[in-house]
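Consider the model below. How do the labels attached to its parts follow from the values behind them?

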Amino acid sequence: MPLHMTKIAFRSESPETLRAWLEAHSRENGGMGEARLTTRYLPKRHAEMVGGSLFWIHSKKIVGRSPLLGFQENGEGRQWIRLEPTLIAVQTIPRRAHQGWRYFEEKDIPPDLGSGSKGADAMPPEMLGDLSDLGLV
């Protein structure tokens with residue numbers, strides 16, 4: 001089982017703007033089909049994380065995930081976190097803010113909303129989060 005990580009969706013106003021940023025960032029990378037985040041240090045457990053996901057925290061809740069493609073040195077002494085440029089809505093769960101990233105074990109990950117909810121992909125992620133908070137999805 002791959003290891004996952006959590007990260008704050010810094011400067012993102014909503015899950016929709018996060019999704020738009022991921023898609024736009026993919027186009028900026030020459031159409032490479034990936035979005036890249038820059039970080040100072042390579043995670044010690046990076047080999048375990050390939051095939052996992054980066055879970056995004058917005059407004060003190062996990063709102064979605066982006067599959068991890070891997071890590072790469074960017075040539076400036078920093079690392080890129082390489083992601084698929086998609087935001088997959090997940091059942092929201094509370095998560096405190098933190099700096100950097102945190103490892104996220106398989107047993108703790110929330111289920112994807114599209115995996116059993118009819119029409120979940122058609123709903124805005126913020127609405128899905130509110131319905132999930134109420135226990136309706």
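Q: What makes a residue part of the lining of the largest pocket, and which residues lie nearest its centre?
A: The lining of the largest pocket comprises 20 residues, and Lys 7, Ile 8, Phe 10, Leu 37 and Thr 38 lie nearest the centre. A pocket is an open set of points on a 1 Å grid over the protein atoms alone, where a 1.4 Å probe fits and protein lies on both sides within 12 Å along at least five of seven lines; a residue counts as lining if it has an atom within 4 Å of a point. The volume of this pocket is about 610 Å³, a volume being the space filled by probe spheres set on the points, which are joined across faces, edges and corners.

Q: On what basis is the model to be read?
A: The model is predicted: local features need pLDDT of at least 70, side-chain atom pairs count only at pLDDT 80 or more, and totals for chains, interfaces and linings use all residues. Residues are numbered from 1 along each chain as its sequence is written, and side-chain values use heavy atoms, with hydrogens and water left out.

Q: Why is Arg 36 called buried?
A: The relative accessible area of Arg 36 is 13%, and buried means under 20%, exposed over 50%, and partly exposed in between (1.4 Å probe, protein chains only). Arg 36 is therefore buried; its place is in strand β2 (residues 35-39). Of the 137 residues of the chain, 40% count as buried.

Q: What makes the pairing of the side chains of Arg 36 and Glu 34 a polar contact?
A: The separation is 2.8 Å, and a polar contact is a pair of N or O atoms within 3.5 Å; within protein, one must be able to donate a hydrogen and the other to accept it, and residues adjacent in sequence count only if both atoms are side-chain atoms. The side chain of His 58 also reaches the backbone nitrogen of Ser 14, at 3.4 Å. His 58 lies in strand β3 and is buried at 11% relative accessibility.

Q: How do you know that the charged end of Arg 36 sits over the ring of Trp 80?
A: The charged end of Arg 36 is 4.2 Å from the ring centre of Trp 80, where the criterion asks for NZ of Lys or CZ of Arg within 6 Å of the centre and within 35 degrees of the ring normal. Arg 45 likewise lies over the face of Tyr 103, at 5.3 Å from the ring centre. Tyr 103, in strand β7, is partly exposed, with a relative accessible area of 32%.

Q: Why is the pair of Phe 55 and Phe 104 called edge-to-face?
A: The whole structure holds 1 aromatic pair. The ring centres of Phe 55 and Phe 104 lie 5.2 Å apart with planes at 65 degrees, so the pair is edge-to-face: rings of Phe, Tyr and Trp (its six-membered ring) pair within 6.5 Å between centres, with planes under 30 degrees apart counted as stacked, over 60 as edge-to-face and the rest as tilted. Phe 55 belongs to strand β3 (residues 53-58) and Phe 104 to strand β7 (residues 101-104), so the pair ties together parts 49 residues apart in sequence. Both Phe 55 and Phe 104 are buried.

Q: What sets the phi of Arg 11 apart?
A: Arg 11 is not a glycine, yet its phi is positive, at about 65 degrees. Most residues other than glycine have a negative phi. Arg 11 lies in the loop between β1 and α1 and counts as exposed at 75% relative accessibility. Lys 60, also not a glycine, has a positive phi of about 65 degrees; Lys 60 is in the loop between β3 and β4 (61-73) and is exposed at 63%.

Key:
Helices (H or I, at least four residues) and strands (E, at least two) are DSSP runs, numbered from the N terminus.
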